[in-house]
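The entries follow in the order in which I looked things up.

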Amino acid sequence: MSGADALEAWADVLVLGGGPAGTWAALAAAGAGAEVVLADKGYCGTSGATASGGNNLWLVEPGEARVRAARARAEKGGHLTDDTWMARVLETTWEQLDVLAAKGYPFPHDAAGAPVRSSLQGPEYMRRMRRAVHRAGVRLLDHHPALELVADRDGLVSGAAGVARQDGGRPWRVRARAVVVATGGCAALAGGFGTNVDTGEGVLMAVEAGAELSGMEFSTAYALAPEWGVHTKGRMLQWATFYDERGEALGAGDDGPGRQLAQSLLVQGQRVYARLDRAPREIHQKMRDAQPNYFVPLDKAGVDPFTTAYPLRMVYEGTVRGTGGLRVVTDDCATTVPGLYAAGDAATRELVTGAISGGGSHNGAWAISSGTWAGRGAARFALARGGVPDRVDALGRAGLRPSDGAAADVDAREVIAAAQRHVLPPARTVLRTAAGLRASQAELETLWGAAVPGLAGEGRERLRARVAASLVAHARWVTTAALARGESRGMHRRVDAPAADPRLRHRLLTGGLDRVWTRPEGPPAPLSAPRPASPSTTREEVPA
């Protein structure tokens with residue numbers, strides 16, 4: 001790190017990401033007695049998918065109902081869930097909503113006067129969380145995207161470095177005793193509402209440090225949005241009837257055969273329409289109040305969605321609404337790298353959602369619970385570790401430090417577009433075949449080897465280059481995992497293997513950079529230092 005005007009700071013715990021998982025992690029770490037810094041790519045409290053909309057929550061009252069809920073989820077999730085983790089998520093979410101209520105969140109009440117806590121309004125929720133984090137003494141670094149992790153001489157993760165977007169790309173670095181990655185999933189810049197910050201650099205940083213991934217094949221999450229809009233919250237479509245381009249009804253509801261048939265036709269290139277004609281008139285205004293952003297583009301187009309059918313499109317949501325992410329190996333969401341924790345969409349949710357999407361409800365509950373556990377775990381690790389190292393090594397590589405002999409003047413925008421071609425089109429991602437996956441794999445390997453080594457930039461352009469590298473890395477991990485799972489399970493559909501294979505009823509791990517690997521999950525390996533850098537990796541020594 002260089003530059004006399006560079007920002008230098010230290011913390012016991014550094015939280016990367018300012019969405020639900022990141023803010024809950026920061027609160028938990030501060031509550032455990034740690035000095036905390038939170039760095040967000042945007043403005044904590046307004047950036048991300050939750051802040052732009054809202055979500056239901058997987059909230060089940062204590063007792064037998066939770067056992068039934070977990071049992072039902074295991075069946076739907078292709079038997080890749082874990083009963084203990086599901087029970088813990090339900091318990092922690094229930095408890096933390098009491099905390100949120102105590103911080104002033106205005107939960108509505110039912111006719112009997114009992115609070116209704118099964119959903120959250122994103123803008124109000126995140127406004128409250130920002131205020132709570134600030135009052136807890138957490139130092140907030142808004143518009144400070146992290147680009148890479150740093151480690152001490154023993155290989156322990158010891159903070160992160162990045163750029164200040166609104167300060168000309170001024171470099172910053174925070175040395176810390178533990179780091180929580182809560183940077184969200186990767187939606188590959190598909191244009192979904194609130195997902196422009198979800199480009200996966202946090203996951204790439206963790207893999208560079210030696211972390212493993214799980215469930216990356218379960219990344220085929222698409223949302224239905226108005227054809228000319230970007231709002232991808234599907235809650236309104238529970239009141240919809242879907243129609244084909246001839247005007248014939250396909251079915252009703254957001255989670256039934258009507259939606260599935262609608263998506264199938266869209267994948268084939270046909271047009272599909274929706275009309276919210278199943279919504280009783282008396283709740284029309286409540287629907288608008290609950291999700292005002294859904295109705296804005298429709299109103300601007302002069303469409304009354306309750307009486308007029310409007311065209312739909314499929315918007316890729318990847319691992320934001322999908323399942324895959326960093327593997328967690330302890331109850332406090334530690335990764336396989338010492339000092340590094342994962343929470344929210346950056347972490348795999350297979351343990352609670354299995355092979356299907358967690359939607360808003362399960363993912364929302366996971367963000368609350370995993371953020372809480374990761375924050376507490378990181379604080380325990382940090383306070384037991386002792387002093388902050390005075391010298392650290394930068395671990396970042398792809399998109400930050402061109403390799404010797406790499407092609408010059410690589411256009412990050414072209415690299416982004418090339419990666420998107422292998423994940424955004426539904427015809428490629430939903431209709432998977434071994435032949436198609438192998439073709440994508442070969443092209444992505446060429447892209448990684450030929451273009452990514454030359455990616456670089458100065459100031460804010462460093463972020464664009466890093467995003468390009470992240471999108472290629474995610475496309476490679478997703479494609480390799482999808483090829484390795486030679487069956488159809490949950491949201492992973494293989495046209496050439498349409499049935500589930502009982503021999504593949506296990507989670508699939510993925511990792512690697514220059515060489516992507518996959519293997520079935522076994523017992524968690526003991527926590528170890530990050531793997532040694534490959535010979536082509538440049539490790540930059542950064543003095544304090």
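**Entry 1: rings**

I began with Tyr341, which is buried, with a relative accessible area of 5%. For burial I used these cut-offs: buried is under 20% relative accessible area, exposed is over 50%, and partly exposed is in between, with a 1.4 Å probe and protein chains only. The model is predicted, so local features need pLDDT of at least 70 and side-chain atom pairs count only at pLDDT 80 or more, while totals for chains, interfaces and linings use all residues. Residues are numbered from 1 along each chain as its sequence is written, and side-chain values use heavy atoms, with hydrogens and water left out.

I then searched the whole structure for aromatic pairs and got 8. Rings of Phe, Tyr and Trp (for Trp the six-membered ring) pair if their centres lie within 6.5 Å; planes under 30 degrees apart count as stacked, over 60 as edge-to-face, and the rest as tilted.

I looked up Tyr294 and Phe295, and they form an edge-to-face pair, at 5.7 Å centre to centre and 75° between the planes. Tyr294 counts as buried at 0% relative accessibility, and Phe295 is buried at 1%.

Tyr341 turned up in an aromatic pair with Phe381, which is edge-to-face, with 6.4 Å between centres and 70° between planes. Which parts does this pair tie together? Tyr341 lies in strand 16 (residues 340–342) and Phe381 in helix 11 (residues 361–385), so the pair ties together parts that are 40 residues apart in sequence. Helices (H or I, at least four residues) and strands (E, at least two) are DSSP runs, numbered from the N terminus. Phe381 is partly exposed, with a relative accessible area of 24%.

I also noted a cluster in which ring pairs link Trp85, Trp366 and Trp373.

**Entry 2: charges over rings**

I used this test: NZ of Lys or CZ of Arg within 6 Å of the ring centre and within 35 degrees of the ring normal. The charged end of Arg88 sits over the ring of Trp85, 4.9 Å from the ring centre. The charged end of Arg117 sits over the ring of Phe107, at 5.2 Å from the centre.

**Entry 3: the core**

I took a nonpolar core as a set of buried Ala, Val, Leu, Ile, Met, Phe, Trp, Tyr and Cys residues joined through side-chain atoms within 4.5 Å. Which members of the largest core touch the most other members? I found Val13, Leu16, Leu149, Val180 and Trp477, out of 150 residues. Helix 15 (residues 461–484) gives the most to this core, with 12 residues.

I listed the contacts (heavy atoms within 4.5 Å) of Val13. Leaving aside neighbours within four places in sequence, Val13 touches residues including Ala29, Val37, Ala178, Val180 and Ala382.

I traced an open sheet of 5 strands in the order 10-14-13-11-12, with antiparallel pairing. Two strands pair if DSSP finds at least two bridges between them. Strand 10 (222–226) and strand 12 (249–252) stand at the edges with a single partner strand each, so one side of each has no neighbour in the sheet.

Strand 10 and strand 14 (residues 310–316) run antiparallel and are joined by 5 bridges; Ala223 has Val315 as bridge partner in strand 14. Strand 11 (residues 241–244) joins strand 12 by 3 bridges, also antiparallel, and Phe242 has Gly251 as bridge partner in strand 12.

I traced another open sheet, of 4 strands in the order 15-9-18-19, with antiparallel pairing. Strand 18 (residues 508–511) pairs with strand 19 over 4 bridges, and Leu509 stands opposite Arg519 in strand 19.

**Entry 4: positive phi**

I looked for positive phi in residues other than glycine. His79 has phi near 60°, and its place is the loop between helix 2 (64–76) and helix 3 (83–102). Cys333 has a phi of about 65° and is in the loop between strand 15 (325–326) and strand 16. Are these two residues buried or exposed? His79 is partly exposed at 33% relative accessible area, whereas Cys333 counts as buried at 0%.
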